[in-house]
Structure formats: C-alpha cells, structure tokens
Amino acid sequence: MPFLHFENVDYSYPSGEGDYIRALIGVDLEVERGEFVALVGCNGSGKSTFARLSDGLLLPDGGKVTVDGMSTADKGSLYDIRRKIGVVFQNPDNQNVTTIVEDDVAFGPENLGLPPAEIRERVDWALNAVGMSEYAGSNPARLSGGQKQRVAIAGVLALKPELMILDEATGMLDPEGRREVLDVVTRLNRETGMAVIMITHFMEEAAAADRIVILRHGKTVADGGRELFMTPEVFTDAGLDLPVTVRIAGKLAAAGVDIGTPLSADEFAAAVAALKRGGKP
Ligand code: ADP
Ligand code: MG
C-alpha cells in the first residue's frame, strides 16, 4: 500500500458565475515511505492544490486521496492524517507565530497535547536537525529568510511527520537560503527516512530529488528519475527551465562534445575533467 495515494483525483475551484477552474484532472500518483520526490510545474499547474488535497485541507471532487490507507474524505481520520503529513509553505513570515524560536517549534507538539518532557525533547531534536539550536532563544523576526524557513521546518519536524511537503518553501529565499533548506531536507530524508515532496520551480532543486513529477494544466505529464533530464522537451513543453548545467551540456553536444547530462556543478566539473583526461565522462 503506497503511503500517499492519489487515485484519479479531480479538483475544481468555483470561479463565480457558476463557472469552475479545473485545478487537478484525473491525477494518479503514489508516493512510498522514504521517497524524495520533486513536484514541478509552472504557475497555476495545480501544485498547491495537490499539497492541500494531500493533508485533507481540500477534498477531491472526484477520485480518492488516501494517506497510509486512510481516506482524507473520512472526517474521523483527519487528525491522524495531519500527524503523518507536515506541510511547509512559501512565506516564512506567515509561519512563525511567537517571538521566541523554541516556542514557535513547540507550538505544534503543544497542540497535540504531548507531555512537557516529550515536547522539550522534540523541540531540541528538531532545532538541532535543522542546525538552529543556537538560536533557540532568538526572536524569529530577526532571522534571515533561510533561517526562518529552517525554524518553520523544525516546527513541522517536531510533529514527527512521515511525509513532509514543502510548497515552494524556498521560493522567497536567496540562493544561500535555498541551499540551506535543500541541504536540511535532503539530510532528513536520508537520515530519518522521512518522505519528502519538494514543490519547486527551481530545476536545481528538482535535480536533487530521486524522482521528478511534472504537472501541467492539472495533469501529471511525466514521472521518473534523473533520466527525465535526458529528454529536455518534457520540461520545456511544461513551461519549465532546465538546470543550467544541462543547458550548457546541450550546447556542447550540439557542438560535437558529449559530456552526458550533468545535473549539478560537481557533476559538470567531473564530466569535463574526465573528458580532459581523454576518458569517457
Ligand atoms: P500552482 O501552485 O501550481 O501555482 P494552484 O494549485 O495554486 O497552482 O492553482 C491551480 C489552478 O487553480 C490555477 O488556475 C489557479 O488560478 C486556481 N486556483 C488556485 N487557488 C484558487 C482559489 N482559492 N480560488 C479559485 N481558483 C484557484
Ligand atoms: Mg502554488
């Protein structure tokens, strides 16, 4: 049984005058425990709608969403579903609720009614996991964007979710902040086995995932591993960019120099170095 299961899911928003905007159309998707999935698509492709349907904030008009076998349409399961899935949103300023970092992180576990000792333990663990322990007593308002998002991630982590969905959580950050968040999430996925769905329009982030799902006009149009980048049209047809290293490699290939499909600066450098040594990349 997949952990998160979308079965032929439709969702429409009313748009006045009895009209509807079809945000998701017949979406089928399975995400297993421990997976690291990037969900990409241009503006309006349905990514946030997908996130809201995953934790039962919205319910499907057609089809079914289940989390660990529980339907989001079953009211009695929503509490359990929301303990299993944590969502981090785009704007860090809307997610910090108190004036002290550790109180912010404790907010979720307190709402679960956990015993104080357990809350303390989870808060310390979560702040450490995102590298923010030394800021436990700080005011979130004084932190950088990347640090605020790491605190927001700690707040979700303190609930010990089995799946974390980041809905363009790096969208408002500078490159340094984006790297901080991506590093933390990648490490948590590897070390704790927490599944991750990273919703992003930064292709460098998508390239860090094990699996990439592309949404276009509310439908999934591609779903695969890193090899998807070898058919660049699936990205460009969906209105997406390619990682800069893939674009340069494409231009080199057109000029008769094949360095494969490097997805990061490190892979690019390694491929060029191998070429220089006269070997195959
Ligand atoms: P994305 O996150 O990929 O940008 P969304 O899921 O936010 O896409 O939106 C999908 C479609 O649904 C878009 O056409 C958008 O305009 C529409 N939409 C999203 N939220 C609402 C809403 N609250 N009311 C009406 N239409 C909405
Ligand atoms: Mg969105």
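Glutamate 168 lies in the loop between β7 (163-167) and α6 (175-192); helices here are DSSP runs of H or I with at least four residues, strands are runs of E with at least two, and both are numbered from the N terminus. The model is predicted, so local features need pLDDT of at least 70 and side-chain atom pairs count only at pLDDT 80 or more, while totals for chains, interfaces and linings use all residues. Residues are numbered from 1 along each chain as its sequence is written, chains are lettered from A and ligands numbered from 1 in the order in which they are written, and side-chain values use heavy atoms, with hydrogens and water left out.

Glutamate 168 is buried, with a relative accessible area of 12%. Buried means under 20% relative accessible area, exposed over 50%, and partly exposed in between, using a 1.4 Å probe and protein chains only. The phi of glutamate 168 is positive, near 50°. Most residues other than glycine have a negative phi. Aspartate 68, also not a glycine, has a positive phi of about 50°. The place of aspartate 68 is the loop between β4 (62-67) and β5.

Aspartate 68 also takes part in a salt bridge with lysine 84, where the closest N and O atoms are 2.8 Å apart. This pair links distant parts of the chain, with lysine 84 in helix α2 and aspartate 68 in its loop, 16 residues apart. A salt bridge is a side-chain nitrogen of Lys or Arg within 4 Å of a carboxyl oxygen of Asp or Glu, and by this rule the count comes to 13. Lysine 84 is buried, at 18% relative accessible area.

A second salt bridge joins the side chains of glutamate 180 and arginine 150 (3.0 Å, N to O). Glutamate 180 is in helix α6 and arginine 150 in helix α5, so the pair ties together parts that are 30 residues apart in sequence. Both partners are buried: glutamate 180 has a relative accessibility of 18%, and arginine 150 has a relative accessible area of 11%.

Helix α5 (residues 145-157) also holds glutamine 147, which is buried at 14% relative accessible area. Leaving aside residues up to four places away in sequence, glutamine 147 touches Met132, Tyr135 and Glu180, contact meaning heavy atoms within 4.5 Å.

Arginine 187 is partly exposed at 32%, whereas glutamate 191 is exposed at 58%. Elsewhere, salt bridges that share partners join Arg33, Asp68, Lys84 and Glu162 into one network.

Two loop residues remain. Serine 77 sits in the loop between β5 (70-71) and α2 (78-84) and is buried, at 8% relative accessibility. Beyond residues up to four places away in sequence, serine 77 touches Met70 and Ser71. Arginine 226 belongs to the loop between β10 (219-224) and α8 (233-236) and is partly exposed, with a relative accessible area of 37%. Arginine 226 and leucine 263 are 37 residues apart in sequence, and their C-alpha atoms are 8.3 Å apart in space. With residues up to four places away in sequence not counted, the contacts of arginine 226 include Leu263 and Glu267.
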